[in-house]
Each structure stands twice: as structure tokens, then as C-alpha cells.
Amino acid sequence: MKILQLLTRHPILSHRQTLVPSIRFGALGQVGSKWCFCTHSEDPELKDFMEYMDSLKNYEKLGVPRGAGTDSEDGFDLGRMRRLMERLGNPQSKFKAVHIAGTKGKGSTAAFLSNILRAEGYSVGCYSSPHIQTIRERMSLGRFGEPVSAKTLNSLFLQIKKTLDQAMQHENGCMTHFEVLTAVALTLFAQENVDIAVIEAGLGGARDATNIISSSELAASVITTIGEEHLAALGGSLESIAMAKSGIIKHGCPLVLGGPFLPHIERILRDKALSMASPVVSASDAGNRSTVKGISMLNSRPCQTCDLIIQVERDFKLFIELLDVKLCMLGNHQLQNAATAACAALCLHNQGWRISDGSIRAGLERAFLLGRSQFLTQKETEALGLHGATVLLDGAHTKESANALVNTIRMIFPEAPLALVVAMASDKDHVGFAREFLSVSKYKQAEFCGGLERPNSDFTTFRQVDS
């Protein structure tokens with residue numbers, strides 16, 4: 001994910017940076033009596049772990065090879081991941097899991113669902129990627145969802161390092177950063193005796209390192225959206241992307257669809273589920289209704305008040321009516337993610353998991369993620385020297401997410417003047433992103449510049465011209 005800082009009410013600057021484990025993101029910190037943005041570094045206790053991880057091939061930095069996410073000869077070798085997990089004692093078999101894939105919305109849906117389960121009192125392991133400030137964010141634990149401590153992570157690393165070294169030697173040095181980190185996370189969840197894990201796929205689904213969860217371990221699969229991202233890595237078309245992501249569907253396990261999808265794309269997903277005898281629940285079914293009723297302030301930040309009604313008749317009979325839910329994660333797209341998470345929670349309830357309507361409401365309202373429609377506090381904006389400005393951080397970097405961001409801004413600040421500087425990796429659709437802003441806003445000029453290699457940032461500058 002990338003971070004975009006968007007500032008409104010004044011002609012101001014925003015900045016967006018590709019985040020990878022070896023690049024530190026500026027975090028707000030206190031130095032003496034003053035607040036300032038400072039470079040974040042990992043805990044010194046993780047020095048050996050970070051050096052080990054940084055020595056591995058990291059496709060988040062390098063870009064994903066063509067066809068790597070497809071279920072073909074060009075795809076990642078999932079057998080390599082299975083062999084590593086066998087060496088570690090197959091820790092993924094020691095807990096139930098919800099596996100979430102999708103072009104957009106999977107991280108937010110994972111956050112919503114994890115918080116619902118925690119609100120019910122379950123000990124939850126949540127694995128997501130990438131991170132903002134520390135790699136520990138990718139592995140949250142327990143009933144409060146705190147990132148794994150540096151001490152616990154380092155202790156686990158030292159415990160399994162010999163096994164990792166043996167696997168690396170056996171695989172001729174081909175283990176990747178994401179494969180090893182996924183193995184570490186699943187081993188951590190097993191050692192911490194989580195009640196359930198919520199696992200976000202990295203790329204695609206079929207050949208993703210997280211797809212070593214078997215049908216006996218899977219409580220439900222979730223596919224949030226299908227869009228044109230990582231096209232080359234996932235086969236070059238929406239259809240091939242849908243096929244790749246449908247690889248997380250397991251025999252007899254419920255599939256929750258977010259959507260909405262193009263009809264022929266949804267048919268691909270439903271046909272795969274049918275072939276796997278998997279019941280399907282869709283958050284976009286006609287019987288489901290979700291509405292943003294208004295915007296208010298909560299703890300100095302905007303929140304949206306929503307009604308959420310789910311009434312499913314096909315495959316499962318599910319129902320919940322939640323009125324006046326206050327979501328800290330903003331936009332219609334986040335309401336759709338919340339509906340998807342609620343459908344997943346209801347599926348778990350249908351399987352015998354203890355999940356009340358009150359816990360679903362509480363979990364949705366507590367959910368929050370850095371860099372997803374995140375408004376800085378007054379103290380944080382003043383630390384930037386932007387007195388009186390409003391600062392919004394969001395990770396949009398596709399034309400679809402740009403559209404969602406524009407709609408969110410228009411909903412909250414319909415008349416506010418604003419200016420952006422957007423930076424994203426060079427393999428992203430900069431023009432498609434820019435067109436979404438230019439087509440629905442008052443921007444009159446766009447400038448592009450940037451490096452040729454993916455780790456560098458490309459900057460898009462929008463300037464508002466007074467009429």
C-alpha cells in the first residue's frame with residue numbers, strides 16, 4: 001500500500017510514498033515539548049530479524065513478475081511454501097481461518113472482521129500487508145488487536161531460524177520475503193493459541209503464499225472486489241484476475257462476495273464455488289441495503305453514520321439490521337467493506353461461532369486503519385505547520401480507488417479547495433488515476449514526473465486554477 005496525504009480547506013501540499021520494509025515512513029513523534037514528524041525505525045531488538053528479511057527477494061520492492069500470480073507454469077511455486085510449512089510443523093492446521101482476497105478492500109474488510117471477532121471476546125490473529133510504520137503491524141494478536149511485540153517476534157525468529165535456513169538451502173535460496181513472513185505469522189498465531197485467524201492474501205489467490213490453508217482449516221473465503229491491478233502478474237485480463245483470486249475457494253467452505261462485480265466476473269466466481277460445492281453469500285445481493293446517512297465528528301475526526309441491513313435468502317438464511325452505525329472508516333466503499341465483513345461474521349455465526357449483533361456493531365465501529373481515509377488530529381496538522389488545514393491520508397493508487405477517494409472527499413467537504421501531490425510506483429496507472437480526479441473536480445492542470453524503476457516514486461501534481 002502507499003500513503004497519500006491530502007489536505008483540504010487551504011491550497012496545500014500532500015505527499016504519497018511507496019512503503020516497503022527497507023523504507024521508513026515519517027511518523028509523528030514528540031521531541032522534548034515539541035511534536036514533529038520523524039523517521040521511524042524498527043525496534044533495535046529486531047535488528048537480526050530485519051537483516052534476515054531484507055536479504056530475501058522482496059517483490060513489493062521489485063515488482064511482481066509477469067504471470068506470477070496465475071495458476072500456471074509462470075506462477076509462484078506454492079509447493080515451496082507447503083514444504084516450508086511442513087518443516088515448521090504445519091502451524092496453519094492448529095486454528096481456523098478466514099481467507100480474504102480481492103483487488104481492493106481486503107485489508108479494510110480484514111480489519112472490520114477482526115474487530116467484530118474481538119468484540120465477541122475471541123483471541124484473533126490478523127495477518128495483513130503491507131505495513132506503514134513497522135513490520136510488526138502485519139501481525140496483530142489477541143483480544144485487543146495490538147501488533148506483535150518486538151520481543152515476541154524476535155524470540156520466535158530465533159526459535160525457527162535454523163528451520164528457515166534449512167528450507168532456504170533446500171530451495172536453493174529461492175524463498176521470498178513474503179513467503180517467510182507468512183510462515184512466521186502463521187507460526188506465531190499457532191504459538192499464541194489464537195481462536196481464529198483472519199488472513200489477507202498478498203497477490204491474487206491461487207498461487208499466493210497464504211493459500212496453504214486447507215478446507216479443513218478454512219472457516220470461510222472472502223473475495224472483496226475484482227479490478228485491473230497487477231494485470232501482467234495475474235494474466236492480463238479481469239477474467240484471469242477473477243480466476244486467480246477464486247483459487248482461495250475451498251471445497252465445502254462458504255464463499256462471501258463483496259462486490260459489486262460485473263455480471264460475467266461474478267459468474268466466474270460463482271461457477272468456481274459451485275464446482276467446489278461451496279455455498280455463496282453476496283454482500284451486494286438485492287436484499288441487502290446500506291446507506292450513509294450523514295457525517296459527524298467523533299473524537300475530533302469525521303465519522304459516517306450508516307444503516308446496514310443484510311437479508312440473504314440464497315444458500316444461507318442470514319439477517320441483521322444495524323441502524324445508526326458510526327464508522328470511522330469513511331466512504332461508500334468502506335460501507336461496502338463493512339457489509340462484506342458483516343456477511344462473513346454471519347456466516348461464521350451460522351457455523352456455530354458465537355457472534356452477536358451487538359458485537360458486529362461494536363466491531364464495525366471500532367475498526368480503524370492507518371492510511372485509509374485517515375484524518376490527522378489538530379495537533380498532528382499543526383506539527384506540519386498547517387494551522388487550520390484538514391489533512392486526509394489515504395492509500396488510493398488505482399483509478400477505482402481514486403474514484404472512491406474523490407467521492408469520499410466530495411461527501412465530507414463538497415466545497416473545499418484542495419491540492420494534491422501523488423506519488424506511486426512506476427508500474428501503476430497514473431493517467432487513469434489522474435483522470436478520475438480531473439473528470440469530477442475543478443482541477444485544470446496535471447503534471448507527471450518520476451523514475452523508471454519501480455522502487456522510485458512518480459509524482460503527479462494537480463493544481464487548482466481559479467475560474
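1. Contacts of Glu-179. In this predicted model, Glu-179 touches several residues that lie beyond its neighbours within four places in sequence: Asp-77, Arg-80, Met-81, Leu-84, Cys-174 and Ala-209. With one of these residues, Arg-80, the side chain of Glu-179 forms a polar contact of 2.9 Å.

2. Setting of Glu-179. The residue belongs to helix α6, which spans residues 177–191. Glu-179 is classed as buried because its relative accessibility is 5%, and the limit for that class is under 20%. As for Lys-57, 122 residues separate it from Glu-179 along the chain, while the C-alpha atoms of the two are 9.9 Å apart.

3. Geometry of α7 and α8. A second topic is the pairing of two helices. Two packed helices are described by the angle between their axes and the distance between the axes. Helix α7 covers residues 238–245 and helix α8 covers residues 263–275; their axes come within 9 Å and cross at roughly 25°. Angles under 35 degrees count as roughly parallel, and α7 and α8 are therefore described as roughly parallel to each other. The crossing of α7 past α8 is right-handed.

4. Residues between α7 and α8. On the α7 side, the contact is made by Leu-238, Glu-239, Ala-242 and Met-243. On the α8 side, His-264, Ile-265, Ile-268 and Leu-269 take part. Sorted by class, the contact of α7 with α8 comprises six nonpolar residues, one polar residue and one charged residue.

Notes: Residues are numbered from 1 along each chain as its sequence is written. This is a predicted model: local features need pLDDT of at least 70, side-chain atom pairs count only at pLDDT 80 or more; totals for chains, interfaces and linings use all residues. Side-chain values use heavy atoms; hydrogens and water are left out. Helices (H or I, at least four residues) and strands (E, at least two) are DSSP runs, numbered from the N terminus. Buried means under 20% relative accessible area, exposed over 50%, partly exposed in between (1.4 Å probe, protein chains only). Contact means heavy atoms within 4.5 Å. A polar contact is a pair of N or O atoms within 3.5 Å; within protein, one must be able to donate a hydrogen and the other to accept it, and residues adjacent in sequence count only if both atoms are side-chain atoms. Axes are lines fitted to C-alpha atoms, for helices over the stretch in contact, and angles run from 0 to 180 degrees between N-to-C directions. Angles under 35 degrees count as roughly parallel, over 145 as roughly antiparallel, 65 to 115 as roughly perpendicular and the rest as oblique. A crossing is left-handed if the near helix is turned anticlockwise from the far one by less than a right angle, and right-handed if clockwise. Ala, Val, Leu, Ile, Met, Phe, Trp, Tyr, Cys and Pro count as nonpolar, Asp, Glu, Lys and Arg as charged, and the others, Gly among them, as polar.
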